[in-house]
Structure formats: C-alpha cells, structure tokens
Amino acid sequence: MDWFEKLGFEDNPFSSDAKANHTALVKMDPMIEEIIYRISSGSMLFIESGEGTGKTTLLMIAAKKFGGSRNVVYLDCDILDKKLNITHVLQDKYGMMGRILNKKPKDMIVLMDNVTELSKLNTERLKYYFDQGYIKSIVFTGTSYRSAKFSESLRDRIGNRVIKGPKINSDDAVEIIRKRIGDSELFNDKLISKIFKMSGSSVKLLLENCEKVSRSAAKKNRKRVQLADFKVLMSDKNDMV
Amino acid sequence: MTWYNKLGFHSNPFSIKPAAYSSMVAYDVDYLIKKIKDSEMIFIEGEYGTGKTTILKTIINNFRGKNKIIYYSFNSESKFDIEKLVDGANSVIRKVTGLKHRNMILMLDETHTMTAEEGKEVLRYYQEGILQSVVFVSNSYQEMDIYDELKNYLKNNVIKTVALNQDEAIELIRSRIGDISLFSKKVLKRIFDLSDKNPRRFLEYCEDIARYAVERDEMKVLDEHVDAVLKIKPEAKVEPKKFIEEPKAKKVEEKVNIEEKPKKVEAPKKEIQKEQVKVAIVKEKPHKEAIKQEPIATVEEIKEVELEAKESKEESDDDDKKRPKKFKINKLVEGSKDPLGEIQASEAHAEKKEDGKGDTPEYKVFAFDN
C-alpha cells in the first residue's frame, strides 16, 4: 500500500508532473491568456518565472491549445544535448522525406522550455525561420531573461514581450495545496505556509516537501502531518550541507 | 476574439516579421537586384531592426527556385568553407558529373567576423565566375577587416539601411492597416518618438497600444492609451497585472502593513516598466539593477526613464537631419512585379486553411544553406 493510499488518495497529490495537473494552477489565468494571444498574433516571447512556478505547465496548455495539426514543437532545452538542430526539428513534421527534400513547414509554433543559452547556429536558424514565416511564434521560458545567453538580434525581436510569472505567496501556496488535497486533514493551512517558507518560496520544493512530510506521517500511520514530521525536511537540509 | 479580429483583420497587422511587410520595404530593392544581375557585389550595413533581413529576404525570393542562391551566416557554428557552400548548392547530378554551377549568388550574413583571408577566397570565386554576385550583410562596413582588393569592388556599393523616419513610420502603419482611423498622425508620431527609431519596437508598441484601446471598446487610440501602455507599463494590458499583484498575501502575512499594500501592488508594475522602457530606448546600456533590485521603483526612477525617452527623441531628430540617405525610398508595387506576390498568395492560402476551407499551401524548395 502506497503512502498516499494510506492517507486516502488515489494518486500522489503532490506530483509535479507538468502534464498531469494544470488544473491546479494558481494565478495563471491572465498569463495563459496573454501567452495564447501572443502566440496567435505571431511573436517571440520569453516567459520569465522561477523554478516550479508552472512554466512547463503553461507551455503544455499552449501546446494543447494550438496542437493537433503537428504544428507545435516542444523542446525541453534542459535535457537536450548541444546537438539540437532546429532545422531538423521543424522538418520532422514531414518525416525523412521532408529532410531529404529540405522541406520547410509553415507557421510552426516552437516552445522552448528552460532556455539558458542558444547556440549561434540555432539562434540564426530561429531568427531566419521566424522572419520568413516558417515559424509563427516562439515561446522561450527561463528563470531569467537578463542572464539568458541570447544574441542582441534575438532580443531585438523579443522586445518587450517578456512575461513575468506570478509571485507565489503563502496564501497561494495554501491554495495550490488545497486544490490538490481538498479538505483533507493532512495539513492545516498554517503547516502549509510553514512548509512553503521552508521551501524558499519555490512551488516545486513545496510540493516535494509536502510529499516528504506526508510520507513520514503515513509511515507512522497518522492521517495528519505533525511538526514531528518536519524532521524529515531538517535532516534533508543537513544532508545537503 | 482578439482586438485585430474586432477590427476585421485576420492576423496581427503589426507583425514584426519582415515577411509580413516586405511589400513595403522602404528600400529600392529593384535597384539592388539589378546590381546583382549586373554581377556587382553589394555590401549592406545597418543597425538592428533597420531592415537588413527584409532586404535579404526580398533578394532571396527574387531568385528563388533557380538554385542560384547560397546563404551563409558567419554567426553559424560551421566554419566558413566556400567550396563546400558552392558544392552544397549543386544537385546530385552535378556532383556526380563534376559539373559546377556558375553564376551563383552568395548571401553572407553577419559578416562582421569575416576575416580578410575569407574575403580573399570569396573574391577568388567571384573572379572565376562561379559567383555572379556576393551580398555582404553586417552592422558596419567601417569596422570590418576587409581584403583590400575586395574593397575596390565594394566601395561604391555600400548600402546603408537607415532607421525609419517619422513619415516612413506613418506610411508603414498605413500600409498595414489601411485608412482606418485607429491611429491619428499625431499619436503615431508620438509612438514613433518613443520607439527609438526601431521599426520592430515601433510595431510592437503599435500592437500593444491598439490592443489596449480596442479591448476597451475604443475605436481610436488616444494619448491616454499610449500613456497607459508605454509610460506605466509597456507590456500593457490590465489583466496581466493581476498575476503580479499580491494583495491577498498582505492580509495573512503582514496584517499590520495593510497601508503598504497599494505601494507593493504597483511596485512590480513600475519595475517592469522601467526595465522594458530601458530595453527599448537605451538598448545598449546593460541594466543589472533593474532585474536584481527588489521591486519598489521610486518616482524618481520613473522620471529618469521618461527623461531618457525624451533625450533619445531629441537625438533621433538630430540624427535624421545629419544622416544623409544613401538610399532612395521606393515602394514596391504589389502585383506581378512584386517578388513576394508568391508568398503573399500562399499566406492567404494558409489563412484559409485555418478556417478549414483552403488547400495545403505549396512551398518551393530553394537552395538555402543552413
């Protein structure tokens, strides 16, 4: 029996799988609207938001909205090796023959997650494909637009289209967790706030830490998290030191 | 329904893509094409956003499908190897038979890193007749290390792309949206003054301001809309503010500080404004503070930005008078002569397709090296 089953959940309520839980987004609606608009009006934009605040989730929503005709490309630049070749990515739409014929698509939407740098070659390609209309819109995400290694000409195209993510405060943190666990007695709001603070205001860490303390409670066959369970987090911190 | 749908446009009329507005290139591309056909080499220099890519694109489209154009950017990771480039453009049959294309047109982008040695190679290929013409593109001709002999070929064909002037900017918008009375001349002039003579910035501002106005059911852009979008927050739009605001937090965490609330709410807004206006107006100046600093921008800071805006406005006016235009303005006429007619047609197709009625657009493959 899994820990979450013991606590009365069917699944891990603190999963941070971006694909699974976009319904649990908090304070993202205006941002989603903005991104959808920017994509459909054809632009390059950068979503700047801290780790674990739902950038990937936003991209997933965008992908869903515009997907369907194999027109959307999602690239997680974090896990890609340096060999990324935008040309090939775009041509994949047409399979092998497309590559041989050097066929290029039209009006693609490219979502580039966690971009910290772009090789010169890929920058040139992106610029060119964007300018020529092969790519309709490009959405970059990252934790900092300033420190992203983008060329000046790319920045010129992004212009003021930098969308900053929401600042999650402890109220939102409570809302995020409540959306996931409902009225469960697992935590009270105060505990959630506390965990949030201990997580350095990162939603990603908040979820991870909630899972840890819940596991600890489940281990001890309790249905409520107690301060005693916070030891797990402390020992974690010590490990890191 | 987006604002441009409300105005009766299919797509964003202020798109920053050259493809979307190349029918209104402010440069006499026909003149360049004639030079290329006359086997002359050209050097195009100009700042970011002044239309270099637009010119390149227009030239490429003019020769497309003839397997004549080779494109290379010195920004790319692959080393510049002219033999490979020329070979790459040859068809399989030509490769097998060893026949070589002649009279190719080489487009060299971002040439500011090109060495004199590489320039010499290019010149050799040109003199041997393998290259009919070479188009060099760079930010500045002066700052480049160009092979002396090559300079002799280029010196009379250096074309400088200059920033838009006010009238051209207004003409640009007119060409995009026709005669609808969304923007008055006066408002457009104002927006132009705020956009650092950068057409991309200008179009972006126009888009944001038009959107702001139309979303408020105004069919005419007023000064207050410009203020709202550019002065207070260029990213515009009232809604996005919401995800920056954090009024709820105050109640729980800092009950005592309720008075501070409005201040906090506005702070990030101003921050963004400051940062973005700076990006737009004093592009080169890095501004670490703007990002690193915790929000709460002071009124002084805002004023400073406005001042900068004014300064750059004055500068640009001066520039205008000083800078002689080496290039004549000539509008391309839409129609059979327009090298872009083909693209526009296919774009129209693409739009229909979105509605689920049209056919899949067809694209010609042209020799474009990546």
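Predicted model: local features only at pLDDT ≥ 70, side-chain atom pairs only at ≥ 80, totals over all residues.
**View 1. Helix 8 of chain A passes helix 9 of chain A in a right-handed crossing.** Residues are numbered from 1 along each chain as its sequence is written, and chains are lettered from A and ligands numbered from 1 in the order in which they are written. The two helices cover residues 170-181 and residues 189-198; their axes come within 9 Å and cross at roughly 115°. That makes helix 8 of chain A roughly perpendicular to helix 9 of chain A. For the angle words, 65 to 115 degrees is roughly perpendicular, under 35 roughly parallel, over 145 roughly antiparallel, and the rest oblique. Axes are lines fitted to C-alpha atoms, for helices over the stretch in contact, with angles from 0 to 180 degrees between N-to-C directions.

**View 2. Here are the residues where helix 8 and helix 9 of chain A meet.** Helix 8 brings Ser170(A), Ala173(A), Val174(A), Ile177(A) and Arg178(A), and helix 9 answers with Asp189(A), Ile192(A), Ser193(A) and Phe196(A). Contact means heavy atoms within 4.5 Å. Sort the residues of this contact and you get 5 nonpolar, 2 polar and 2 charged. In that sorting, Ala, Val, Leu, Ile, Met, Phe, Trp, Tyr, Cys and Pro are nonpolar, Asp, Glu, Lys and Arg are charged, and the others, Gly among them, are polar.

**View 3. Over in chain B, helix 10 packs with helix 11 at an angle of about 130°.** Helix 10 spans residues 185-194, and the two axes sit 9 Å apart. That makes helix 10 of chain B oblique to helix 11 of chain B. Helix 10 of chain B passes helix 11 of chain B in a right-handed crossing. On the helix 10 side, look for Leu188(B), Ile191(B), Phe192(B) and Leu194(B); helix 11 supplies Phe202(B), Tyr205(B), Cys206(B) and Ile209(B). The residues of this contact come out as 8 nonpolar, with no polar and no charged.

**View 4. Ser39(B) has a positive phi without being a glycine.** The phi angle is about 60°. You'll find Ser39(B) in the loop between helix 3 (29-37) and strand 1 (42-46) of chain B. Helices (H or I, at least four residues) and strands (E, at least two) are DSSP runs, numbered from the N terminus. Ser39(B) counts as partly exposed because its relative accessibility is 30%. Buried means under 20% relative accessible area and exposed over 50%, with partly exposed in between (1.4 Å probe, protein chains only).

**View 5. Asp217(B) is a non-glycine residue with a positive phi of about 60°.** Its loop runs between helix 11 (199-215) and helix 12 (223-232) of chain B. With 63% relative accessibility, Asp217(B) counts as exposed.

**View 6. For orientation, chain B has 18 helices and 5 strands, and chain A has 11 helices and 5 strands.** Of the 370 residues in chain B, 52% count as buried; for the 241 residues of chain A, the buried share is 59%.

Technical notes: Heavy atoms only, no water. Left-handed = near helix turned anticlockwise from the far one by under 90°.
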